[in-house]
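Reader: Could you walk me through this one, starting with how the two chains meet?

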Number of protein chains: 2
Amino acid sequence: MNNSTTNRQVCLANRPKGLPKENDWAIINGTIPKIEQGQVLTKIKYISIDPAMRGWLNDSPSYVPPVGLGSVMRALTVGEIIESKNDSFHVGDWVSGLDGVQNYAVSYGSEYIKVDLSIAPPQTYLGTLGIAGLTAYCGLINVGKLQTNETILVSGAAGSVGAHVGQIAKIKGNKVIGIAGGSKKCAYLIDKLGFDAAIDYKKGALLENIKQNCPDGIDLFFDNVGGITLDAGLSVINVGARVIICGAISQYNLSKEIEGPSNYLLLLRRRARMEGFIYFDFRTDWPSMLRELAEWRSAGKIYGLEDITEGQVDIFPSTLLRLFSGDNFGKLIIKLPD
Amino acid sequence: MNNSTTNRQVCLANRPKGLPKENDWAIINGTIPKIEQGQVLTKIKYISIDPAMRGWLNDSPSYVPPVGLGSVMRALTVGEIIESKNDSFHVGDWVSGLDGVQNYAVSYGSEYIKVDLSIAPPQTYLGTLGIAGLTAYCGLINVGKLQTNETILVSGAAGSVGAHVGQIAKIKGNKVIGIAGGSKKCAYLIDKLGFDAAIDYKKGALLENIKQNCPDGIDLFFDNVGGITLDAGLSVINVGARVIICGAISQYNLSKEIEGPSNYLLLLRRRARMEGFIYFDFRTDWPSMLRELAEWRSAGKIYGLEDITEGQVDIFPSTLLRLFSGDNFGKLIIKLPD
């Protein structure tokens, strides 16, 4: 299946309703493309699996166009350049980009970020030094205007973004409470990541537990989950709070209408704001953010758990589903065979 | 009933469920209080009727404490000082404050705003030069960061706040679309207030009409209504839009849970924010805002329709209900007998 003449690709066959099913995908053997002047050929080594992927499958306006029917599934990747007709890239360079769920990609490289293996291993450029770290950083600092001595609530806290949110907020001198599913994830938040408290939503009584752990309310709520979790967090916001909407993993696969936050009028009573963002918008700031994230990482102040599954692109459909079952633990990545 | 020895007062007797009923109120004849050193005695002349009043009746945390059971109903007022033991105020001065639904109030005056009758008649200090004008100004400019050449959608546009929002946005060089109930109100928005378009929500097809009138989307949505109106407006927000939550008159009297905006995830896709505010928070800016509002008013650039009902405080319970039926037209005010 993986040889030098075949480019195995996962393409979108049908627009899923609810959770994507196996037959929503078509896995095909394409040919390895030829490159032209200015282009490079990249051999993809790692594929990032992200909740945002679910939104890209819907035929509705978003911050990026929907993945076309019959097109290769969009994905963030890390790969090695194996052929170059572009002076900015050399064979053996490692890069991160949106090369999709396939073995090989052709690119002009204009959107590539160079991967420096002397700083971190390649897969970390999909986690702490990639989408997870950058999303957490942009959401907390650029959008959330995080101060010090604030109380921060994070949902999906054991997820790759949430884990970084909590750690960055701690580095910046704040109190951090995480919401996650299961005692193992909750222990990890406290013991490994240094959160001040963790709430296991699977135990029920979510709102009561939030109130107990945030007796003085919260100043910033970083929400990855939506639904009843968002409503519970809204109910304890302080005056001037910022509610950062990063995602809504509880809602992405609903076939009924999305559950809007019934408590949104607390934004008025508490003179608070709720704001969405996408880390792509802060691209010009990425270099300085990545420097800071790399420093924290090498100083042992920030840790990015990676949940790496090895296999051919064929495992993409089932691996994606692990995001929505809450089964994965850490940044979910597929490592392709060499 | 109205004589020099009686202070007639409307007090809260029960916390209403849904629309306040007659027996949720107790109307009593109090005595006119004596003033002490530093205080003034104010004879109340005009009482402002505002949607926010409904929220003050609930026993839940808000930006002000709930009105206590048995207490005089909180209300913005304009009155004349008839006795003074405070050097800052003289008999014959007119003032605006939170003196409540009664005939006489005692105050140290620290929260009073002086009413200059050479600029506008007293009741206008409850409309264009009071809560309506200031709320519109603070929401659009301070919170909404209104620019020029933007497209603004206003719900409850024929209400006292909405009407000022639209006119200020026009003064600042923007395109303004209003949502109101009935052809009379819609004609008023266009013919009298200079809105670019008006949508009659009672005709149905709200979302389609918004899309038709805002083909390039909206940059700022000033929402006074909530519910399906908020969801419809959210569905057309542009990247970077501001959704200003001023109120939710469609939701205040529901006995079921408030309807949260099902489209809130568009805040993420469009990198937009939804923010609540209260004009009280901008008190230090009021003098300059009031100067500007008064200039616009005297130049004929801004108009505040006043819907004045004359009567004793006894008419308060029924007058309040007119806000929620959509029956009133313009800033609702009770004028007390002399």
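Author: Happy to! Two strands pair if DSSP finds at least two bridges between them, and strands (E, at least two residues) and helices (H or I, at least four) are DSSP runs numbered from the N terminus. This is a predicted model, where local features need pLDDT of at least 70, side-chain atom pairs count only at pLDDT 80 or more, and totals for chains, interfaces and linings use all residues. Side-chain values use heavy atoms, without hydrogens or water, residues are numbered from 1 along each chain as its sequence is written, and chains are lettered from A and ligands numbered from 1 in the order written.

Reader: Which residue is the bridge partner of A:Arg273 in E13(B)?

Author: E13(A) and strand E13 (residues 273-276) of chain B run antiparallel and are joined by 3 bridges. In E13(B), A:Arg273 has as its bridge partner B:Glu275.

Reader: Which residue forms a salt bridge with A:Arg271?

Author: The rule (a side-chain nitrogen of Lys or Arg within 4 Å of a carboxyl oxygen of Asp or Glu) finds 2 salt bridges across the interface of chain A and chain B. In the one formed by A:Arg271, the closest N and O atoms are 2.6 Å apart, and the partner is B:Asp281.

Reader: How many residues of chain B are in contact with chain A?

Author: Contact means heavy atoms within 4.5 Å. By that criterion, 34 residues of chain A meet chain B residues numbering 34.

Reader: Where does the chain turn to a positive phi just after H9(A)?

Author: Helix H9 of chain A covers residues 316-325. Just after H9(A), a positive phi of about 75° is taken by A:Gly326.

Conventions:
Buried means under 20% relative accessible area, exposed over 50%, partly exposed in between (1.4 Å probe, protein chains only).
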